[in-house]
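I opened this model to look up a few points on strands, cores, salt bridges and surface. My entries follow in the order I made them.

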Amino acid sequence: MRAAFRVKQPRQRTPRHPDTTFPHSSDRPCLIPERTSYAVLCRLISLVAALAVLSATGAFCGEKNQATVTSNEVEKNRSLFEHFYGYEPVYFLYGWDPSNIKFQISFKYRLINPGGSLAKKRPRMADFYFGYTQTSFIDLDSPSDAFLDNSFKPEFMFSQKNLLKQPPAWLSRLGLEAGIQHQSNGDAGADSRSLNILYAKPILKFGDLDTYYFTTAPKVWLYVGNISENPDIADYWGYFDLELRWGKIDGLEMRSNWRQGSEGGSLQLDLTYPLRVLCFGNCNGSFQVQYFTGYGETLLLYNQKDSQLRVGVAV
């Protein structure tokens with residue numbers, strides 16, 4: 001039953017030298033000192049801290065009259081968190097295999113105060129953000145390091161949800177995200193992966209935004225700088241990601257992401273549904289099902305094909 005949804009064999013790390021293979025992580029040479037439980041603990045602490053920031057961001061939006069919080073405390077917390085926003089999906093997903101856990105955290109921070117003199121003269125300056133996304137994979141059966149791979153993605157970006165004051169009748173809203181993003185997995189030696197991309201992502205929404213509507217968001221990019229640690233990554237990641245979404249705010253939402261390179265591609269399907277509906281209004285967040293098939297789910301194993309089914313919760 002545990003292997004029912006793993007189409008391929010368990011993931012194997014691919015060494016840099018083609019004449020040597022290491023089927024099991026325990027057989028790989030020690031390129032850096034083995035991570036200790038303290039290092040794993042530090043990573044977990046960083047995760048908890050990031051989730052706390054995201055929780056605080058939502059907690060202090062519009063809550064002025066809490067009985068246990070003074071107005072001064074609310075304003076102090078508001079000034080700290082009011083420029084943090086959600087960015088990419090945030091979730092924690094579990095597969096039927098204990099080596100198949102995936103979580104992602106993401107946020108963006110507005111760099112220019114929209115109420116300042118600069119933004120008043122140049123309103124678009126308030127649309128520049130620092131963004132950060134982290135996608136991690138965990139193996140609970142691992143005897144040493146539980147983290148199979150991480151993808152750390154800081155970026156500097158322009159983000160505007162509504163570029164047109166009066167869009168044409170056939171379009172509900174036009175947005176745009178564009179910037180430069182760095183991606184790396186934080187490893188050393190043969191397992192090290194890193195790249196930089198320049199990207200642009202128009203976001204088009206169709207239909208009634210108060211009910212069910214459709215979104216298409218084609219993202220295109222160029223690889224810039226040194227990619228010697230993963231020189232053929234474009235063959236598997238390609239140069240675009242086509243995102244399609246259909247759903248309703250605070251309701252059912254379906255999402256797909258498709259990439260294609262010369263040697264292969266990938267497809268990811270996500271379905272989310274509010275937990276408050278399933279829990280009679282007592283729970284926040286959403287129930288999520290995610291299916292991935294193809295190449296490049298992890299940065300480390302970008303040139304290995306895999307299929308995974310996971311379920312969990314999204315924030």
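Which residue in β4 does Gln104 stand opposite? I looked it up, and Thr135 is the residue opposite Gln104. I note here that the model is a predicted one.

**Strand β4**

I then followed β4 to its partners. Strand β3, residues 101–110, is joined to β4 by ten bridges, and the two run antiparallel. On β5, residues 147–160, I found eleven bridges to β4, again with an antiparallel course. I took Phe128 as one example, and its bridge partner in β5 is Phe158. I also checked burial along β4 (residues 128–138): nine of its eleven residues are buried, so the strand is largely enclosed by the rest of the structure.

**Whole chain**

I stepped back for the totals. The protein chain has five helices and 13 strands. Of its 315 residues, 42% are buried. I looked at contacts with a separation of 6 or more, and 53% of them are between residues 24 or more positions apart.

**Cores**

I listed the largest nonpolar core, which has 15 residues; those touching the most other members are Leu195, Ile197, Tyr199, Tyr223, Ile233 and Trp237. At least two residues of this core come from each of β7 (194–207), β8 and α4 (234–237). A second core, separate and of five residues, has Ile101, Phe103, Ala146 and Phe147 among its members. I went back to Trp237 for its contacts beyond four places in sequence, and they include Leu195, Tyr223, Arg259, Gly296 and Tyr302.

**Salt bridges**

I counted seven salt bridges. In one of them Glu297 pairs with Lys102, with 3.4 Å between the closest N and O atoms. This pair links distant parts of the chain: Glu297 sits in the loop between β12 (286–295) and β13 (305–314), Lys102 in strand β3, and 195 residues separate them. I checked both for burial, and Glu297 and Lys102 are each buried.

I looked next at Arg124 and Asp127, whose side chains form a salt bridge at 3.4 Å, N to O. Arg124 counts as partly exposed because its relative accessibility is 40%, whereas Asp127 is buried, at 8% relative accessible area.

For Glu243 and Arg245 I read 2.9 Å, N to O, across their salt bridge. Both Glu243 and Arg245 are buried.

**Strand β8**

Is Thr216 buried or exposed? I found 16% relative accessibility, and the cut-off for buried is under 20%, so Thr216 counts as buried. Thr216 lies in β8, which spans residues 212–224. Beyond four places in sequence, its contacts are Pro202, Ile203, Leu204, Phe206, Leu242, Glu243 and Leu244.

I compared this with Phe214, which is also placed in strand β8. Phe214 counts as partly exposed, because its relative accessibility is 33%. Phe214 belongs to a nonpolar surface patch of about 750 Å², along with Tyr212, Trp246, Met254, Leu271, Tyr273, Val277, Leu278 and Phe287. I noted which elements give two or more residues to this patch: β8, β11 (265–274) and α5 (275–278).

Definitions and conventions
Residues numbered from 1 in each chain as written. Predicted model: local features only at pLDDT ≥ 70, side-chain atom pairs only at ≥ 80, totals over all residues. Heavy atoms only, no water. Helix = DSSP H or I, 4+ residues; strand = E, 2+ residues; numbered from the N terminus. Buried < 20%, exposed > 50% of the residue type's maximum accessible area, 1.4 Å probe, protein only. Contact = heavy atoms within 4.5 Å. Patch = residues over 30% accessible without salt bridge, like charges linked within 9 Å, V, L, I, M, F, W, Y side chains within 5 Å. Areas by Shrake-Rupley, 256 points an atom, 1.4 Å probe, with all protein chains shown as cover. Salt bridge = Lys/Arg side-chain N within 4 Å of Asp/Glu carboxyl O. Pairing = 2+ DSSP bridges. Core = buried A, V, L, I, M, F, W, Y, C linked by side-chain atoms within 4.5 Å.
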